[in-house]
Amino acid sequence: MGRPSKFANLVALCLGLMVFTAGTRAEAQSLPAIAQVPHAPPPALPAGTKVTCTQGPGTGAASATCPVLKLDGLTYWALSYTDNRIAMAIVAYDATGKVVAQWEKPGARYVYAILINPSAKTVTFAGQSDAKITMTWDELAAPPVVVLVPPSPTPAIPAGMKVTCTQGPGTGAPAATCPVIKWKGYTFWAFSYTDNRVAMGIVAYDAAGKVVAQWEKPGSRYVYAITVNATDKTVTFAGQSDAKIVMKWSDLLPPVAPPAPQWVLQPAPLGATLKQISVGSANAIWGLDTAGFNWKWIGGGWQRMGGTVSNISTASDGTLWATNPPDSLRVLKWDATGNKWTWNIPTGMKQVTAVNANTAWGLDNGGSLFQWTGSAWEKKGCCVSQLSVGSDGELWATNPPDSNRVLRWDGAKWTWNIPAGMTFVSVGSAKNIWALNATDQIFQWTGTAWKQVPGALRNISAAGDGSVWGLNSQGMVYKWQ
């Protein structure tokens, strides 16, 4: 279903490549990092601990620096004990140098290195004789801290809420301070409601004072205290009549917005340049190179399968169809068992687009539309330039000679109440439709309009499961993810 590949000018090429990202995206969550700091005690050294950082696992010689871990705005030291027990004290400091958490971890002493495993989400502290202590990122999470702040001024209070902090469970007398939580760079307030309902509005603010999350928690009102349970990893908000609201630490974390989708560069076929890509699903992806050979995506690369044809279409069930206009407008299907093209289908089509092994649509040289009945091509309409059908049977077309018109098949005829301007359309389903214009700009159908997507592609293919792949003007392969 792809358009013939051709080289654009240098400026267009540069612009096309700038908008794409090679490799995988970084995770949105905070990632641990290792830093080397001078071999000197941190600001507050816990009783019974000392700094002992060595040059390696087989020597007790002191190193000039110590490895420390940076995570969520905290700095973690791996301290030794003054009685030289075989254990490390993992101590977390905030930005002011205050101890906010510490753990005694047996099994190693005298740290020389800290290692991070992003896939397992663990941190390993290596010491004498290369003995190691491993902790998960979750284990290293310091507990929330409760601080007392003036009841005003406050950050922006959400509509319908108010500040009501009392002196205790049996009085409505206002307190001079309000308890708030400080954790992972956020500040959490427990507000009351202006209608005095028996509930608290727990609101999370970022460092700039912006609301990033809020929860209505019934059961208590008019906060007077907040307590933290490090064993159960819960926070309790106590209010009027000593009624309490309990939340897990994990429930306090503001939801992280998923990373914005982007085009991610994929491997290209070895020794070949693709001119068309065709996606039936995440597990059925084929490419066609400039020599007419079809290539199958095998999960991390491409495998050349056969040749030669002019245009391919991958159906949602994995069936691969093709046409070859130079060879008497032949229509073909790929025989996966015999690893070859078969051509027992009547000829006459310059392009075919398929729903599955038994349902397909074709376009002849005159732009007439045909439907495959299972034994013959039945003419249905006229006249368009390019077709694409989704896994749900949604059929669209483009007709560049007619003002770049975009059309939709309503079951009996073409309708053209869709904004024009596209030269190529790819339909995965009624909910996954993409298009390109004459300058390789990319658009996604919102249901009512075309929304431009960053990037520049020469060919694009969408599938019913949401998969979208594309090729730029140089045949470089990209996946939308």
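**A first walk through the model**

Hi everyone, let's start at C383, which sits in the loop between strands β36 (377-381) and β37 (386-389). The peptide bond between C382 and C383 is cis, with omega about 0°. When I say strand, I mean a DSSP run of E with at least two residues, while a helix is a run of H or I with at least four, and both are numbered from the N terminus.

Now, some ground rules. This is a predicted model, with residues numbered from 1 along each chain as its sequence is written, and local features need pLDDT of at least 70. Side-chain atom pairs count only at pLDDT 80 or more, totals for chains, interfaces and linings use all residues, and side-chain values use heavy atoms, with hydrogens and water left out.

Let's step back to the whole protein. How many helices and strands are there in the protein? There are two helices and 47 strands. The radius of gyration is 32 Å, well over the 23 Å from the globule rule for 481 residues, so the protein is more spread out than a compact globule. That radius is taken over C-alpha atoms, and the rule is 2.2 Å times the number of residues to the power 0.38. Along the principal axes, the C-alpha atoms fill a box of roughly 90 × 65 × 45 Å.

What about burial? Of the 481 residues, 47% count as buried. Buried means under 20% relative accessible area, exposed means over 50%, and partly exposed is in between, using a 1.4 Å probe and protein chains only. Turning to contacts, meaning heavy atoms within 4.5 Å, take those between residues at least 6 apart in sequence: 48% of them join residues at least 24 apart.

Next, let's zoom in on a few residues. T166 belongs to strand β15 (residues 166-168). Is T166 buried or exposed? T166 is buried, because its relative accessible area is 5%. A polar atom of the T166 side chain lies 3.2 Å from the backbone oxygen of G168. That is a polar contact: a pair of N or O atoms within 3.5 Å, where, within protein, one must be able to donate a hydrogen and the other to accept it, and residues adjacent in sequence count only if both atoms are side-chain atoms.

Beyond four places in sequence, T166 touches several residues, including A175 and Y222. A175 itself is in the loop between β16 (171-174) and β17 (178-183), and with a relative accessible area of 17% A175 is buried too. Leaving out residues up to four places away, A175 is in contact with P151, C165, T166 and Q167. By contrast, A175 and V111 are 64 residues apart in sequence and 47 Å apart in space, C-alpha to C-alpha.

Another threonine, T353, is in strand β33 (residues 351-354). T353 counts as buried because its relative accessibility is 0%. The side chain of T353 reaches the backbone nitrogen of V389 at 3.0 Å.

Finally, some backbone features in loops. There is a cis peptide bond from S152 to P153, with omega near 0°, and P153 lies between β13 (145-149) and β14 (161-162). N84 is not a glycine, yet has a positive phi of about 60°. N84 sits between β7 (74-81) and β8 (87-93) and is partly exposed, at 31% relative accessible area. S403 also has a positive phi of about 60° without being a glycine. S403 lies between β38 (395-399) and β39 (405-409) and is exposed, at 57%.
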